[in-house]
Amino acid sequence: MSINQIQDEIIEEFSCFDDWMDRYSLLIEYGNGLEPMAQADKNEQNLIDGCQSKVWITAELKDGKVLYHADSDAILVKGIVALLLRVLSNHTPQEVAQANLYFLEAIQLKEHLSPTRSNGLVAMLNQMRLFALALSK
């Protein structure tokens, strides 16, 4: 499935809910489904700067595609990072680097996050793109 197809799927899932409390619950559900991250990877090197909560992200290249692994100590942020992994993981570094992540605006995620969480979202995305660029070399 392409990045845009996944984004469209997410937009459709969020459109089922008018109330943002229900959308937050959906994000938390995504976070609960996130595969556990190896404890050894929860270190300073993988910690994302700029996040209010602790967020760890790693990336590896497997069969030409970027595989991300992540975790957070905050349930809502864990859901946000699970959403980002769903969209960007299992795609080529070039696809990740060039992706137009329009779903964030379409589901109005940034508008419903605190300024510090919104900054954290940007920091997570920037790090994921940097990983993709580094892995493309």
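Biologist: Which residues line the largest cavity?

Modeller: In this predicted model, the lining of the largest cavity consists of C51, Q52, S53, V55, V77, I80, T116, R117, G120, L121 and M124.

Biologist: What makes this a cavity and not a pocket?

Modeller: A 1.4 Å probe fits at the points of a cavity but cannot get out, whereas a pocket is an open set. By this rule the count is 1 cavity of 30 Å³ or more. The volume of the largest cavity is about 60 Å³.

Biologist: Which elements give two or more residues to the lining of the largest cavity?

Modeller: Those elements are α3 (75-88) and α6 (115-135). The largest share, 5 residues, comes from α6.

Biologist: Why is α2 called roughly perpendicular to α3?

Modeller: The axes of α2 (residues 20-32) and α3 cross at roughly 70°. Angles of 65 to 115 degrees count as roughly perpendicular, and therefore α2 is roughly perpendicular to α3.

Biologist: What makes the contact of α2 with α3?

Modeller: Contact means heavy atoms within 4.5 Å. On the α2 side the residues are Y24, L27, I28, Y30 and G31. On the α3 side they are I75, L76, K78, G79, I80, A82, L83 and R86. By class, the residues of this contact divide into 9 nonpolar, 2 polar and 2 charged. The two helix axes come within 7 Å.

Key
Residues are numbered from 1 along each chain as its sequence is written. This is a predicted model: local features need pLDDT of at least 70, side-chain atom pairs count only at pLDDT 80 or more; totals for chains, interfaces and linings use all residues. Side-chain values use heavy atoms; hydrogens and water are left out. On a 1 Å grid over the protein atoms alone, a cavity is a set of points where a 1.4 Å probe fits but cannot get out, and a pocket is an open set with protein on both sides within 12 Å along at least five of seven lines; lining residues have an atom within 4 Å of a point. Grid points are joined across faces, edges and corners, and a volume is the space filled by probe spheres set on the points. Helices (H or I, at least four residues) and strands (E, at least two) are DSSP runs, numbered from the N terminus. Axes are lines fitted to C-alpha atoms, for helices over the stretch in contact, and angles run from 0 to 180 degrees between N-to-C directions. Angles under 35 degrees count as roughly parallel, over 145 as roughly antiparallel, 65 to 115 as roughly perpendicular and the rest as oblique. Ala, Val, Leu, Ile, Met, Phe, Trp, Tyr, Cys and Pro count as nonpolar, Asp, Glu, Lys and Arg as charged, and the others, Gly among them, as polar.
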